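Please look at the sequence and the structure shown below before reading on.

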Amino acid sequence: MTTTGTPHPTRTSASTHTALTLASTLLTATVALYIALVALGNITDFDSNQQFVRHVLAMDTTFKDDDLMWRAITSKGLQDAAYVAIIAWETVAALVLIAGTWLWVRRDLERARRVSTYGLLMLMLLFGAGFIAIGGEWFAMWQSSDWNGLDAATRVFLLSGLVLLVIHLPVGTPRTADEDSKES
């Protein structure tokens, strides 16, 4: 016996499926737009964040603890190479997420989910492992009142993680009108 209005546990309504696909599309597009603008800003205003990276790696605004300062990278060439690598990673992540958005729009759901996952994981690696772990802890960015990007990195990491969870929510298979009427 079935209860009216109780959905089959492995099925969802077509409207739920459509709403989740729309949410996945818009959230992926939002993160793609954000990281594309970040990459564009870093490319067109290279000097602003170049200074940020240089100060974090040089550890010149930290507590200057002798037990930590050996970690500092003061070579401008290495600092700039790290910054260019960050910009390249952001640019590739943006392109991957734009491709994921396009696949969501085309309703190629399996490929959209896979491609979007790659782009979101790229951002989680950059902002989680790169900025929070390496910048924040290894280079003691948390000690700097001037060059501390931990709040911004945490926001991007959490946003990317949230979108990753949404795009992987189970949707089952859309119910047909016949299935809905049989259960009524």
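In this predicted model, the side chain of Thr28 makes a polar contact with the side chain of Trp104 at 3.4 Å, where a polar contact is a pair of N or O atoms within 3.5 Å, one of which, within protein, must be able to donate a hydrogen and the other to accept it, and residues adjacent in sequence count only if both atoms are side-chain atoms. Because the model is predicted, local features need pLDDT of at least 70 and side-chain atom pairs count only at pLDDT 80 or more, while totals for chains, interfaces and linings use all residues. Residues are numbered from 1 along each chain as its sequence is written, and side-chain values use heavy atoms, with hydrogens and water left out.

Thr28 belongs to helix 1, which covers residues 14–44; helices here are DSSP runs of H or I with at least four residues, numbered from the N terminus. Thr28 counts as buried because its relative accessibility is 0%, buried meaning under 20% relative accessible area, exposed over 50% and partly exposed in between, with a 1.4 Å probe and protein chains only. Apart from neighbours within four places in sequence, Thr28 is in contact (heavy atoms within 4.5 Å) with residues including Leu97, Ser116 and Ile167.

The largest nonpolar core has 37 residues, of which Ile35, Leu97, Leu120, Leu123 and Phe127 touch the most other members. Such a core is a set of buried Ala, Val, Leu, Ile, Met, Phe, Trp, Tyr and Cys residues joined through side-chain atoms within 4.5 Å. Helix 5 (109–138) is among the helices that each supply at least two residues of this core, and the largest share, ten residues, comes from helix 5. Leu120, leaving out residues up to four places away in sequence, touches Val31, Leu97, Ser160, Val163, Leu164 and Ile167.

There are three salt bridges, each defined as a side-chain nitrogen of Lys or Arg within 4 Å of a carboxyl oxygen of Asp or Glu.

| Salt bridge | N to O distance |
|---|---|
| Asp80 and Arg54 | 2.8 Å |
| Arg111 and Asp108 | 3.2 Å |
| Arg113 and Glu110 | 3.8 Å |

The bridge between Asp80 in helix 4 and Arg54 in helix 2 links distant parts of the chain, 26 residues apart, and Arg54 counts as buried because its relative accessibility is 17%. Arg113 and Glu110 are separated by about one helical turn because they are three residues apart in helix 5; Arg113 is buried at 16% relative accessibility, whereas Glu110 is exposed at 52%.
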